[in-house]
Amino acid sequence: MDLDTVLEVCDPRARPPWRPGDAWLGGGTSLFSEPQPHVRRLLDLSRMGWEPLRELPDGSLEIAATCTVAQLSRYARHSPAPAAPLFEQCCRAFLASFKVWNMATVGGNLCNGLPAGPMISLTAALDGVCLLRAQDGTRRRVPAAGFVTGAGRTVLEEGELLRSVTVPARALAARTAFRQASLYGLGRSASLVIGVLDPWDASLRVTVTAATVRPYRFRFPQPPSAAELRRAVGSAVGERDWFDDIHGLPAWRRHMALRQAEEVCRELTGGGSGRGAGSAGRDGTR
């Protein structure tokens, strides 16, 4: 897509004052996928030179907003962290073309705020913390689980920038289980549920995304029964919070999310699911 309204591409290292019509340019796979009649100037974040992935002294992992899906996938394939398979599973949930795989960024996926964004699912499930930078240089940290507030909506303010997402060492040491559902064999995620078993206190966290307009997380000190799990989801997720589009009706999404939540709980607590720990289960209706 040619953005014929764009008059200038700027280097953000010069800190040009933000003005109406500005847009941050990461990988651009979403920005260039459809007309952007309001955009007049692009601030190219690829010039910032941020290190894509950085292992911090405390064992946590800092993922730059400009880290591409391909870079994250390569890192995960060589990482010894117990949660590393989940990174690859979420990367593969893009079902992306070669161009998107090598250009789409972690930050771009979060900032789009779409329910099916797998980087939203990944960082929310692993207790990620987003570092945001305002135009005046002030910074704030927001849990990744609360970064997206609705379909296409985030906590970002005008001109604010997502710098990175940090995943703590405790989450990287956790066992995980992954389930994804789509109406089509190679379709957009209609429900994506991740289970995380805490390595310290054996508590269980279940994160529901794609089926809902924003991420929903549930923590259980002890493995929940199916009834307890359904009550927890039912009391937190309202009827209007189940996403509705051509990729799945709300009732079907709710059904799949509840079924997948039960599966990840059984897998991580020894109940067995027939797929193996950390497996990339994918349910499709054709």
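At what angle do helix α1 and α2 pack, and how far apart are their axes? Keep in mind that this is a predicted model, then look at residues 69-78, which form α1. Helix α1 packs against α2 at about 150°, and the axes sit 8 Å apart. Angles over 145 degrees count as roughly antiparallel, so α1 is roughly antiparallel to α2. As for handedness, α1 and α2 cross in a left-handed way.

Who does the touching here? On the α1 side you'll find V69, L72, S73, A76 and R77, and they meet A84, F87, E88, C91 and R92 of α2. Sorted by class, that contact holds six nonpolar residues, one polar and three charged.

Now stay on α2, residues 84-92, and turn to its packing with α5, residues 118-125. The angle between α2 and α5 is about 160°, and their axes are 8 Å apart. That is why α2 counts as roughly antiparallel to α5. This crossing, of α2 and α5, is right-handed. From α2 come L86, F87, C90 and C91, while α5 brings P118, M119 and L122. The class count for the α2 and α5 contact is seven nonpolar residues, with no polar and no charged ones. Notice F87 and C91 in α2: both take part in the contact with α1, and both also meet α5.

Next, the empty space. Rolling a probe the size of a water molecule over the atoms shows where such space is left. The largest pocket here holds about 1,300 Å³. It has 45 lining residues, and S30, L31, G108, C111 and N112 are the ones closest to the pocket's centre. Which elements give two or more residues to that lining? They are β2 (22-25), α4 (106-112), β9 (153-154) and β10 (161-167). Helix α4 gives the largest share, five residues. By class, the pocket lining is made up of 21 nonpolar, 19 polar and five charged residues.

How many cavities of 30 Å³ or more turn up? The count is one, and the largest cavity has a volume of about 30 Å³. Its lining consists of L114, P115, I120, V148, T209, A210, T212, V213, R214 and P215. Seven of these lining residues are nonpolar, two are polar and one is charged.

Conventions: Residues numbered from 1 in each chain as written. Predicted model: local features only at pLDDT ≥ 70, side-chain atom pairs only at ≥ 80, totals over all residues. Heavy atoms only, no water. 1 Å grid on protein atoms, 1.4 Å probe; cavity = no way out; pocket = protein on both sides within 12 Å on 5 of 7 lines; lining within 4 Å. Points joined across faces, edges and corners; volume = space filled by probe spheres on them. Helix = DSSP H or I, 4+ residues; strand = E, 2+ residues; numbered from the N terminus. Nonpolar A, V, L, I, M, F, W, Y, C, P; charged D, E, K, R; others polar. Axes fitted to C-alpha atoms, helices over the stretch in contact; angles between N-to-C directions. Parallel < 35°, antiparallel > 145°, perpendicular 65-115°, else oblique. Left-handed = near helix turned anticlockwise from the far one by under 90°. Contact = heavy atoms within 4.5 Å.
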